Amino acid sequence: MAKIVIVGGGAAGLMAAGAAVRQGHQVTVLEHMQKPAQKILVTGKGRCNLTNDCNPEEFLRHVRTNARFLYSSLGAFPPAKTMELFRSLGVELKVERGRRVFPVSDKAEEIRQALLRYAADADLVEDKAKKLLLEPLVVDETLPAKKRGPALRCIGVRGASGREYRADAVLVATGGLSYPTTGSTGDGYKLAQQAGHSLVEPVPSLVSLVSRDGDCKRMMGLALKNITLTLFEDNKAIFEEQGEMLFTHFGISGPLTLSASSHLGDMKKHRYFVELDLKPALTEQQLYDRITRDFALLANHSAQGALAKLLPASMQPVMVDRWGVDPATKANQITREQKRELVRLCKHWRVSVDARGDLAHAVITAGGVPVREVDPKTMQSKKAAGLYFAGEVLDVDAYTGGYNLQIAFCTAQSFANNL
């Protein structure tokens with residue numbers, strides 16, 4: 001039986017704790033929030049999209065950064081095993097569009113409670129004063145020249161009060177920097193660096209996008225469904241997907257926007273914008289024919305009124321302004337060229353992208369502990385024996401759809417099952 005200390009009581013930490021307990025180990029979880037796994041409650045708009053019902057090969061195609069690192073852990077604990085585990089914990093699951101997996105109850109709290117039950121036999125130390133401020137206990141263990149492996153060994157962690165938590169293995173599962181009010185404050189990065197690790201600079205990923213386009217604010221609150229969003233970098237399309245997005249007071253958000261944001265590079269070196277195809281099911285000619293029919297039926301309506309069947313109400317005045325047609329123009333007076341321009345706007349509605357949203361509101365953090373410094377089979381540090389990493393603290397991230405929580409779960413299981 002090994003003595004295990006897990007730093008972080010989130011999705012990865014609780015999953016690792018439950019798995020390690022079932023391996024017969026003594027487990028202590030250190031959590032600096034009064035309520036563990038709070039970030040679970042804000043995932044999937046409070047519904048918790050806990051995984052994606054696909055096979056490992058397809059899953060890896062949705063991993064944006066360092067997919068190869070996950071071959072072993074995802075193969076050993078794929079989405080099917082995640083679903084099986086939560087069902088065994090009493091959670092009824094359902095699969096929605098894009099094979100996203102949710103609890104039938106649509107309540108993220110049910111997933112949080114299931115993880116707490118799974119880790120119930122671990123000793124959960126909640127630091128209500130938020131003064132853990134841990135540092136690793138690392139000892140010099142110079143190895144013989146012929147023996148390969150880390151030259152240091154982590155033997156535990158020390159809190160700000162001086163209390164030491166000695167262990168045979170320490171798992172850092174502290175998450176990233178997104179949603180810091182839920183406890184993701186970047187402490188894991190500091191622990192890693194103190195133990196000799198380098199760091200890939202953390203940046204927001206799966207985040208809303210800021211636009212100086214005033215039309216976004218005019219339409220704030222408008223959600224568009226079944227549209228296609230294309231992200232351009234210096235006039236080259238680098239991402240395209242169909243789904244849902246939302247206009248906000250500062251720009252755009254929603255699932256399509258979050259996915260597109262992960263493709264942004266250096267915004268100081270490149271110019272970005274998105275184009276929305278509001279009617280992706282129709283070709284330009286089909287849309288032209290439809291508009292012609294609509295205008296014939298609404299012949300005596302104004303230009304804006306003639307858009308009633310085509311666009312949501314809050315978008316109609318904005319479209320008229322972009323269209324450049326006199327609002328008083330009757331539908332039966334609109335020329336062929338003006339209809340062609342309307343088709344172009346519907347198929348290529350452009351929104352500038354001027355900045356990423358901030359880390360505080362990003363779904364996940366990209367960057368973290370470099371995977372070249374971690375064993376992909378065991379999650380053990382290559383810098384300090386006895387030190388392990390799981391979840392978002394690693395430089396691995398994926399698109400929306402349940403992939404990132406699954407990464408937390410499978411890397412946590414790899415740690416526990418390879419002790």
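**Close-up A. Helix α1 against helix α5 in the predicted model.** Helix α1 spans residues 11–22, and helix α5 spans residues 108–118. Their axes come within 8 Å. They cross at roughly 30°. The crossing of α1 and α5 is left-handed. From α1, the contact draws on Ala11, Leu14, Met15, Gly18, Ala19 and Arg22. From α5 come Leu115, Leu116 and Tyr118. By class, this contact of α1 with α5 holds seven nonpolar residues, one polar and one charged.

**Close-up B. Helix α1 against helix α12.** Helix α12 covers residues 403–417. Its axis and that of α1 come within 8 Å, crossing at roughly 35°. The crossing of α1 and α12 is right-handed. On the α1 side, Ala11, Ala12, Met15, Ala16, Ala19 and Ala20 make the contact. On the α12 side, the residues are Leu405, Ala408, Phe409, Ala412, Gln413, Phe415 and Ala416. The contact of α1 with α12 divides into 12 nonpolar residues, one polar and no charged. Ala11, Met15 and Ala19 of α1 take part in the contact with α5 and also in the contact with α12.

**Close-up C. Helix α9 against helix α11.** Helix α9 runs over residues 284–297, and helix α11 over residues 336–347. The two pack at an angle of about 120°, with their axes 10 Å apart. That angle makes α9 oblique to α11. The crossing of α9 and α11 is right-handed. Helix α9 contributes Glu284, Gln285, Leu287, Tyr288, Ile291, Thr292 and Phe295 to the contact. Helix α11 contributes Arg336, Lys339, Arg340, Leu342, Val343, Cys346 and Lys347. Seven nonpolar, two polar and five charged residues make up the contact of α9 with α11.

**Close-up D. The second largest pocket and its lining.** About 210 Å³ of space lies in the second largest pocket. Strand β12, residues 200–205, gives the most to the lining, with four residues. Glu201, Val203, Pro204 and Ser205 are among the lining residues.

Note on methods:
Residues numbered from 1 in each chain as written. Predicted model: local features only at pLDDT ≥ 70, side-chain atom pairs only at ≥ 80, totals over all residues. Heavy atoms only, no water. Axes fitted to C-alpha atoms, helices over the stretch in contact; angles between N-to-C directions. Parallel < 35°, antiparallel > 145°, perpendicular 65-115°, else oblique. Left-handed = near helix turned anticlockwise from the far one by under 90°. Contact = heavy atoms within 4.5 Å. Nonpolar A, V, L, I, M, F, W, Y, C, P; charged D, E, K, R; others polar. 1 Å grid on protein atoms, 1.4 Å probe; cavity = no way out; pocket = protein on both sides within 12 Å on 5 of 7 lines; lining within 4 Å. Points joined across faces, edges and corners; volume = space filled by probe spheres on them.
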